[in-house]
Amino acid sequence: MTSATLRAAAPESAEDRLLADVSAHATNLPPSGIVELMNYGRTREGLIPLWVGEGDLPTPAFICEAAAGALHRGETFYTWQRGVPELRAAIARYMTRQYGVAETPERYFVCGSGMQAINIAFALTLSPGDEIIIPTPAWPNAAAAALTRGAKPVSVPFAYGPDGFSLDFQRIADAITPRTRAIFINTPANPTGFVASREALQTLLDLARARGIWIVADEIYGRFYYGPEGRAPSFHDIMAPDDRILFVQTFSKNWAMTGWRIGWIEAPPVLGPVIENLVQFFTSGVAPFMQRGAIAALDDGEPFVAEQIARARAGCDMVADPLIATGKVDLVKPHGAFYLFLSIPGQEDVRRLALRLVDEANIGLAPGTAFGPGGERFLRLCYARGEGQLREATARFVSWLERNV
């Protein structure tokens, strides 16, 4: 008997047996292409990290002080599963100011992050074997969340042209099957910067109504919008009370609270008892002192949000204009969010390209392959950072392009 035969006949290790007993929903999840790049480059001295979806500003002091005050007052016990009433009322006031909707706290449920809001929305709409349509390129966590439920994410690539990315409604309609239960739509979009017009949202809503499927609307970048209006178009502008729309939201982007892990889901009040149960079974509520910080963010945070938006708008121009001027990139300036999604003609292996940029330019970008079909030739660059870092990163990138393209 050969050594190869002996190895093949050898019993599996204990580790192999443990892995074999883990749910396939967990073990079959795709690894993150963004995390791979971060692990590769995060220890490089002087590297400028533009690969993740967050800015470089810490949470404002007035938010932290509100949370700290609650801690010192002893707000460290179990709390309302739907969120403390004061926070739900603050969310309702905020949504009324921004979207003109009725001030109805019963529509809002506090979650441990926007990611948990997505998981709750999918728990409401998806069962094993169901399908959910996701226009791509898209933030990969949504598809992964569907997979953890045993559902099938169906990628429908955006159309791409001289004006950037746009929804391909025929592709979306053709992708709907008897198993389709929902459409997940992120606008303004990560990573593309696409913003759906009011007309596009109406077309999508009409399609969902006609087919009897849910819309899960991720509008977390709605304030990061570069049009003349103060915010991006929203399903709130066109929906009827009985439409099957679930909104997922987070405090992460507007108020620089990514590490807090707090968000909310907006749903018809009739779903309240179901959502309350899901919160109970997932996390048993959000820490009350964090909720006090969130109230401060909503009630007193508008000057900071305005600063964030102005900073992102300036950052976009600061990076995009010099890159476009090289004539060596395919880049359409985004209409919202805070990302550039660009390609370099002749550079098809974007994973390898991103690794090269770490090694040769000391800048960190995310490969478009991390965002699903349609992202294969692109890189994502987050420009929600300070002027000094952005100018230096842009100079390094331009220099690299001039040497290599």
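Strands here are DSSP runs of E with at least two residues, numbered from the N terminus. With that settled, note that the model is a predicted one.

The largest cavity draws the largest share of its lining, 3 residues, from E7. E3 and strand E7 (180-186) each supply at least two residues there. Among the lining residues of this cavity are Ile134, Pro135, Phe158, Phe184 and Ile185. No charged residue turns up in that lining.

The second largest cavity is lined by Tyr94, Tyr99, Glu219, Ile220, Gly222, Arg223, Gln249 and Asn254. Its lining does include charged residues, 2 of them.

Now for the open space. The largest pocket has 41 lining residues, and the closest to its centre are Ile34, Trp139, Pro140, Asn141 and Asn190. Helix H4 (33-41), helix H7 (114-125), strand E3 (131-136), helix H8 (140-148) and strand E9 (245-250) each give two or more residues to this lining. H8 gives the most, with 5 residues. Trp139 and Asn190 also line the largest cavity.

Here's how the spaces line up:

| Space | Volume | Lining residues by class |
|---|---|---|
| Largest pocket | about 890 Å³ | 22 nonpolar, 14 polar, 5 charged |
| Largest cavity | about 70 Å³ | 9 nonpolar, 2 polar, no charged |
| Second largest cavity | about 30 Å³ | 3 nonpolar, 3 polar, 2 charged |

Terms used: Residues numbered from 1 in each chain as written. Predicted model: local features only at pLDDT ≥ 70, side-chain atom pairs only at ≥ 80, totals over all residues. Heavy atoms only, no water. 1 Å grid on protein atoms, 1.4 Å probe; cavity = no way out; pocket = protein on both sides within 12 Å on 5 of 7 lines; lining within 4 Å. Points joined across faces, edges and corners; volume = space filled by probe spheres on them. Helix = DSSP H or I, 4+ residues; strand = E, 2+ residues; numbered from the N terminus. Nonpolar A, V, L, I, M, F, W, Y, C, P; charged D, E, K, R; others polar.
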